[in-house]
Structure formats: C-alpha cells, structure tokens
Amino acid sequence: MSRFISKRIQEMSVYVPGEQPQGGNFIKLNTNENPYPPSPMVTAALREMPADKPKLYPDPSCMALKRAIAEFYKLDAKEVFVGNGSDEVLSSAFRAFFDEGDKVYFADITYGFYKVYSSLYGLQATEIPLATDFHIELSDYMGLDGHMLIANPNAPTGLYHTRQEMEAVIQANPDRLVIIDEAYIDFGGESCIPLIRKYDNLLVVQTFSKSRALAGMRLGFGIGSPALVEALEKVKFSMNPYNINQMTMAAGIASMQDRGYFEETTRKIVATRERFSAELQARGFTVLPSRTNFVFAKSQTLSGRELYEYLKDRKILVRHFDVPRISEYLRISIGTDQEMDALLAALPQE
Ligand SMILES: *Cc1c(COP(=O)(O)O)cnc(C)c1O
C-alpha cells in the first residue's frame, strides 16, 4: 500500500455495488433498475439537444430542473436540491449537517451507503436492529440523541411505513435531523414531501434511478426547508458546482414533465411485483410484502447463496447479501413480465 493514503481511507470499508456485467446476455434483476426505457419525452429531449450545447458549462443553479421538480410536487424551487444521483445528495447532506464525531443512527439492515458515509466523514454511527420480522422498529427512533437516516421503504427488505408513522418520528426528534431516503416511494408508498413545511428537521431524498428509469444519467434530489437546501448548495458550490451535466439536466426536466408515462410504468411494475410475489409464495418461498420495485424472498430448499449461483448459471442475475440475518434471502428486482416468467421457469422444482 502507498504511504500516502490517509488513515481514514485506509481504515474504511467501501460500498459494494451490485454487479454490472458488460455483455454476457444476463436477465439483470440485481440493482433495481427500471425494466422500461425512460419516457419518450426524455429520448426526444436528448435527441433534440443542440450540437453545440455540450461545449458550455451547465447552469450551476440547475434552475430549470429544480422548477420542473418543484412543479411536479407543488413546491418552491428553493425547497429543492439536485445531485449527481441521490448518493451525492446523501453525501452532501452528511457534509452539510453533521460534524466530525456527531452521532447518527440507522437500521442494521438498510442501504449500505449510510455506514460508508459515516466512516468517510468520521461520525459515530449506531445501527438499530430491525425487528425479527424485519420491520424498522420506529419506537426505537423516538427522542434519539443524534441525527438519523431512515430508508422508507427500506432496502433490501422492501418494507414500508406510512407517512403518519414517519411523522411521529420526525415530531419526536425536533432538534435532530431526520433524513428519509425515499428511493422506492413511487412504487406504492406515500411520500413525506408534504411534511417539509411543517418540520424544519426533515430532509426527504429521492432519485430518478428507479421509478424514472434514469439510473445511467445519475440524478437525485433532496427536498427540505429553504435553509436546509441553502446549506446543501453551499457544500455543492464548495465541491462541484457543475454537478449536473447538460444531458442529465435535459433528461430530468423531460421526465418530470411526463407524469402520464411515469404513472403508467410504475403501475405496471407494481402489478408485475404482486403477481410475481404470489407465484413465489405458491412455490413455497417466504416473500416479504414489498412496496418497492424488488422483492426480498427466501427459498424453502436452497440457501441464499445456492439459489443465487443456480440462477446466475442460468444467466439470471439477482442480489445476494452475505451478511448476518439476511444471508438466506435474495433481493430480486422486478423486471418485465417476461423476465419474471423466465426466472420462475428457471427455478428448481421444489
Ligand atoms: C438506489 C438507491 C439510492 C441511490 O440511488 P442513486 O442512483 O444514487 O440516485 C439511494 N438509496 C437507496 C435506498 C437506494 O436503493
């Protein structure tokens, strides 16, 4: 190892993304991408981009994009922050709101980046165990002595809490920041965005990667009070003022303008999820009730690793987490009906 590596980076464990095979003809159900293409309005906006546009820096204020998001959610553009994926929004939030040594709380089984950012930024992180049925035990989050991150619906479990239940947590921690990661909220959940004017300790984070089929464009957003957004902007302008490129900006605006396509495709994915969950259960699987574009399921006969390998041998890629409590489960993204049928057909007879 080079002698120039900082102690913090030496000691850090990194986030491990799902495999992105280049070629190989896999049915790819391992990183919760959308099986449908983005809105035709996105494709048109990209195609119609003037040839000389990329020579100019993008608008660092991202105003047109913020307005499009604000319009969709009936907000003011001052309540919107945009980032290069919601991962960057989360990272900026850690920078903007937490000082070194601060306490932060999140579930023991949740999105891996919370732990990674905690160590990257030198925070004191505490993991709160999920209940035995994998629900987030929200009563554990009432009156904490630190800030908190909650993915709702949670990943990789897919389990969901209502807005009312989330509001109780926000209310019980008036002097702590509550960051709610709603990466999967569009697949049947109720967003906490309408609560941001009532609570100045709430930041809601969402992404274009899942429900809007733009994972490859890298675009996410944070919604909160203008004061929170201003702090996020300060971080961004200190690190990378041009964090959203011209193509991504155009794609994001067009996506927000096509509500019909967004609603139609998310509805289709939810319908496929419900059918696929029932089919798995009929084959003896334990399937957690999902409000996301994936299911978290366990076979009766094969271990998580065995089934992962079995499917991979048949060119179907799903996600297996080799960590305590969930190693018998697989996280299976919801693809098209045909893709899910292919998976069901490939399963070993139980
Ligand atoms: C996918 C995901 C994200 C990150 O999405 P981006 O592609 O960076 O926008 C954030 N949180 C959760 C829980 C996710 O599953």
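Predicted model: local features only at pLDDT ≥ 70, side-chain atom pairs only at ≥ 80, totals over all residues.
Residues are numbered from 1 along each chain as its sequence is written, and side-chain values use heavy atoms, with hydrogens and water left out.

Me: What volume does the largest cavity have?
Reply: A cavity here is a set of points, on a 1 Å grid over the protein atoms alone, where a 1.4 Å probe fits but cannot get out. Volume is the space filled by probe spheres set on the points, which are joined across faces, edges and corners. Searching the whole structure turns up 1 cavity of 30 Å³ or more. The volume of the largest cavity is about 80 Å³.

Me: Which helix gives the largest share of the lining of that cavity?
Reply: Lining residues have an atom within 4 Å of a point, and there are 13 of them, with Ser39, Ser211, Arg212, Tyr261 and Phe262 nearest the centre. Helices are DSSP runs of H or I with at least four residues, strands are runs of E with at least two, and both are numbered from the N terminus. The largest share, 3 residues, comes from helix α9 (residues 259-282).

Me: Is strand β5 mostly covered or uncovered?
Reply: Buried means under 20% relative accessible area with a 1.4 Å probe, protein chains only. In a regular strand, side chains alternate between the two faces of the sheet. On one side of β5 sit His147, Leu149 and Ala151, on the other Met148 and Ile150, and all are buried. With 5 of its 5 residues buried, β5 (residues 147-151) is mostly covered.

Me: Which residue of β6 is the bridge partner of Leu149?
Reply: Two strands pair if DSSP finds at least two bridges between them. β5 and β6 (residues 178-181) run parallel, joined by 4 bridges. In β6, the partner of Leu149 is Ile179.

Me: And which helix does the chain pass through from β5 to β6?
Reply: This β-α-β crossover is right-handed, so with the strands pointing away from the viewer, the path from the first strand over the helix to the second runs clockwise.

Me: Which strands stand at the edges of the open sheet?
Reply: The sheet has 4 strands in the order β9-β10-β13-β12, with antiparallel pairing. Each edge strand has a single partner strand, so one side is left without a neighbour in the sheet; these are β9 (286-287) and β12 (319-320).

Conventions:
1 Å grid on protein atoms, 1.4 Å probe; cavity = no way out; pocket = protein on both sides within 12 Å on 5 of 7 lines; lining within 4 Å. Buried < 20%, exposed > 50% of the residue type's maximum accessible area, 1.4 Å probe, protein only.
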